[in-house]
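Subject: Handing over the structure, with notes on what was found

Hello,

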Amino acid sequence: MEEVGLLSALPINELVFFINKVVISGLIIGSVYALGAVGMTLVWGILRFANFAHGDLMTLGAFVAFVLTMAMPWLGAPVGLPTAFVVLPIAMAVTAFITILLDKGFYAPLRKTNPKPITLVIASFGVALMLQGLIRLFFGTAPRQMYVTAKDIYRIPVGGRDIVITEPQVLLIVFTVLAIVALHLFLTRSRTGKAMRAMSDNADLARISGIGTAHVVRTTWIIAGSLAAAGGTLLSMDVSLKPDLSFNLLFPIVAAIIVGGIGQPYGAIVGGLIVGYTETIAVFNWAILLRPLKPLVADWMELPTNITFVPTEYKIVVPFVILVVVLIWRPHGIFKGKVL
């Protein structure tokens, strides 16, 4: 009886709405940013340049999963999972292979000339434009749906209201947690992971010590391409697949990397969640939480109906604000020290 009385005293409608629109939504978009930021920061830490084509690799990986889903729509039914999620390992492998080809075709020849980092950055912009053009050439500009059946929706009743989370959101959260754990074990326990940490710390010393730098570079691209495909596919499963997916992903991912600390995979995870929650909080209508106060307010007073920091259509500016604040307040990011 006491629990029922406590629930009746709480503003359940507003509380559940806040959980659905801020807590869950921030976790979802933050997880996507984290998956993208980890792959991009690994390349940054090992190869010392920002690969601005990473967002387009996320889009490409999602379209690979889309093609496999349309080719084998029945594949997920026997295991009770969405087909797009079942084919995700194949899409990750294909995207990783394409990423290695891109490195061999564009970045590796430039690295042999000992270029300045800005040269590789400009080359990555060229690769991004090429990938965008190819995606639009083969798939057009219309949005696509990754699901061949209806999405499952899970409802958790709380005081007469439901906390709502969808099947792709659950899969995204579970996959992100497993990917983070696997990456941690790989970097700290495996021989290749330790070699990556050594090369990120001092590439010349690692080369002199006999570490196979070519193997390390190839492994870095494989991890980056795989996580890019996973992030793009899982996001597209939650919303829809669009050819311009990278436009809305690249800047938040870069912001996440700088917030967490350039070259820090663990920092990229934290930075991704921070950017995701900051975006969500910025566009949330906080006036909704004031509704329980209405009976306590005098009749001549009127509570505001809209309190948002940023209109939804300007959400893209939030990562820029975060970048400016971090670069002024803590230019090295949250995590400092060794790159990996």
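The model is a predicted one, in which local features need pLDDT of at least 70 and side-chain atom pairs count only at pLDDT 80 or more, while totals for chains, interfaces and linings use all residues. Residues are numbered from 1 along each chain as its sequence is written, and side-chain values use heavy atoms, with hydrogens and water left out.

Rolling a probe the size of a water molecule over the atoms shows where empty space is left. The search was made on a 1 Å grid over the protein atoms alone, where a cavity is a set of points in which a 1.4 Å probe fits but cannot get out, and a pocket is an open set with protein on both sides within 12 Å along at least five of seven lines; a residue belongs to the lining if it has an atom within 4 Å of a point. Grid points are joined across faces, edges and corners, and a volume is the space filled by probe spheres set on the points.

By this rule there is 1 cavity of 30 Å³ or more. The largest cavity is lined by T69, P82, T83, A84, M146, Y147, V148 and T149, and these residues divide into 5 nonpolar, 3 polar and no charged. In this sorting Ala, Val, Leu, Ile, Met, Phe, Trp, Tyr, Cys and Pro count as nonpolar, Asp, Glu, Lys and Arg as charged, and the others, Gly among them, as polar.

P82 counts as buried because its relative accessibility is 9%; buried means under 20% relative accessible area, exposed means over 50%, and partly exposed lies in between (1.4 Å probe, protein chains only). Between the C-alpha atoms of P82 and E302, which are 220 residues apart along the chain, the separation is 48 Å.

The open spaces come next. The largest pocket has a volume of about 940 Å³, and among the 29 residues that line it, I29, L235, D238, V239 and K315 lie nearest its centre. At least two lining residues come from each of α2 (12-47), β2 (161-166), α10 (213-238), α11 (245-260) and α12 (265-283), and α2 gives the most, with 7 residues. By class, the lining of the largest pocket has 14 nonpolar, 8 polar and 7 charged residues.

The second largest pocket has a volume of about 380 Å³. It is lined by 13 residues, of which L47, R111, M199, R207 and V217 are the closest to its centre. Here α2, α5 (88-111), α9 (203-208) and α10 each supply at least two residues, and the lining of this second largest pocket is made up of 7 nonpolar, 1 polar and 5 charged residues.

Side chains of opposite charge can pair when their charged atoms come close. A salt bridge, meaning a side-chain nitrogen of Lys or Arg within 4 Å of a carboxyl oxygen of Asp or Glu, is counted 1 time in this model: D103 pairs with R111, and their closest N and O atoms are 2.7 Å apart. D103 is buried, at 7% relative accessibility, whereas R111 is partly exposed, with a relative accessible area of 27%.

Finally, please look at two backbone angles. Most residues other than glycine have a negative phi, and most peptide bonds are trans. R48, although not a glycine, has a positive phi of about 65°; R48 lies in the loop between α2 and α3 (54-71) and is partly exposed, at 37% relative accessibility. N114, which is not a glycine either, has a positive phi of about 55°; N114 is in the loop between α5 and α6 (117-139) and counts as exposed, with a relative accessible area of 69%.

With best wishes

Methods:
Helix = DSSP H or I, 4+ residues; strand = E, 2+ residues; numbered from the N terminus.
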